Amino acid sequence: MRVLHGVLTVFYLATVGCGPTMNEPALPDAEAVRSHLDALVRDSKTPGIQYLVVAPEHTVFEYDGGWADIAGRRPMNAATTMMAYSMSKTITAAAMLQLVEAQKVNLDTPIDRSIDSHPYGAGVTVRQLLSHTSGIPNPIPLAWVHPAARHATFDERAALATVLREHPKLSSAPGAKYGYSNIGYWLLGPIIEKASGESFPSYVSDHVLRPLGITPEELGYVVPDNGTSAKGYLEKYSWMNLLKWFLIDKTLVGGYEGRWLHIHDHYLNGPAFGGLVGTARGFGKFLQDQLRPHSTLFNDTTRQLFNTPVQTNGGTEIPMTLGWHIGTLNGARFLYKEGGGGGFHCMMRVYPSSKTATIVMTNATGFDVRGFLDSADPRFLSTSNGRH
């Protein structure tokens, strides 16, 4: 689920630190980054954090520190899972492009050939869903979650049908302009299911995650109940905390743990738009596949499609590919996806020119992931391909 600007989006959007991993090369400024991360958790900018920098074949830098559970005094470590929210969308896009490559889906086929019922007419295509140019609206999705205790009996199709019924009108003509839409990515789930003959979580697990050596413990669609997942937190002294009763399901609000308010475990109603739960290491394996000369997930033509900016019907290029957003840092172009919601905030980036990728995951809704990566990443971009 995307973190939008402003107060509403911030929501929807001791043991400190760890030693170097065995394959982590010693880099200039690495210790400065480690000290900065130590300070972030020491100064309660976030309860816990994972930060990972990877090159195609090795880990450049890894940190995990702070608390996964403040009250329980359980440290954050590399195996601690956190909710990824909208960062999941890029994995959904990769799954869809696999099916396009296999000729089971056509990017420019209207989605009503794959979805039994939707209110948006015959003009919306799969390509437009992937690039957020469909014109499908994006209402604030705060209520599109359910407690973990209800997950076994939750009816996703019924929940989606309700959302479609409540938001039946396009915000713009299909293909006319960029307009972020969680509903659009939610609709990709049933399209993938129809094309593959598998449930959405099963298809992604078997065809995207497993081929990359990503284990269910590292990344999947289940919130673990075995003590390996982090608690999500909202900062006590924040506007979001003051407004929480107007914004979120009361059953999800836990108690205070120091200066942090615990948000209970929950699932998003649509896994395709934000359902992944995992570790920085799990996402790191996906990022490494995107850095290598040839991807395990799809052929070179499809990977180029995955990374190429899209255009509107009028020929205007937008800072979006079929699955990634596009940014720049110190003149370097990067691909990225951000995710944030009830108690967590994260972002992953791929820097093609440096053959480097980074990811930060935190269990704090309001943590500034973009600002952190803007500050930390440049220390590794020029040296990531060599061991120092």
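Guide: What follows is a walk around strand S15 and its neighbours. The model is predicted, and the description below should be read as that of a predicted model.

Start with the sheet. Seven strands form an open sheet in the order S3-S2-S1-S15-S14-S13-S12, with antiparallel pairing. Strand S3 (74–75) and strand S12 (325–329) stand at the edges with a single partner strand each, so one side of each has no neighbour in the sheet. S15, in contrast, sits between S1 and S14 in that order.

The pairing on the two sides of S15 can be taken in turn. With S1, S15 pairs in the antiparallel sense over six bridges. With S14, the pairing is also antiparallel and runs over seven bridges. Ile359 of S15 marks a place where both partners can be located: Leu52 stands opposite Ile359, and Met348 stands opposite Ile359 as well. Further along the sheet, S14 (residues 344–351) is joined to S13 (residues 332–341) by seven bridges, again antiparallel. In that pair, the bridge partner of Gly339 is Cys346 in S14.

Next, burial. Seven of the seven residues of S15 are buried. In a regular strand the side chains alternate between the two faces of the sheet. For S15, Thr356, Thr358, Val360 and Thr362 lie on one side, and Ala357, Ile359 and Met361 lie on the other. The residues of both sets are buried, so both faces of the strand are covered, given that buried means under 20% relative accessible area.

Helix H10 (residues 280–291) lies across strand S1 (48–54), strand S2 (59–69), S14 and strand S15 (356–362), and runs at about 160 degrees to S15. Helix H12 (residues 369–376) lies across S1, S12, S13, S14 and S15, and its angle to S14 is about 40 degrees.

Finally, the entry into S15. The hairpin of S14 and S15 has four residues between the strands, and Lys355 there takes a positive phi near 50 degrees. Ser354 also lies in the loop between S14 and S15. Is Ser354 buried or exposed? Its relative accessible area is 14%, which is below the 20% cut-off, so Ser354 counts as buried. The side chain of Ser354 reaches the backbone oxygen of Leu381 at 3.2 Å.

Key
Residues are numbered from 1 along each chain as its sequence is written. This is a predicted model: local features need pLDDT of at least 70, side-chain atom pairs count only at pLDDT 80 or more; totals for chains, interfaces and linings use all residues. Side-chain values use heavy atoms; hydrogens and water are left out. Two strands pair if DSSP finds at least two bridges between them. Contact means heavy atoms within 4.5 Å. Axes are lines fitted to C-alpha atoms, for helices over the stretch in contact, and angles run from 0 to 180 degrees between N-to-C directions. Buried means under 20% relative accessible area, exposed over 50%, partly exposed in between (1.4 Å probe, protein chains only). A polar contact is a pair of N or O atoms within 3.5 Å; within protein, one must be able to donate a hydrogen and the other to accept it, and residues adjacent in sequence count only if both atoms are side-chain atoms.
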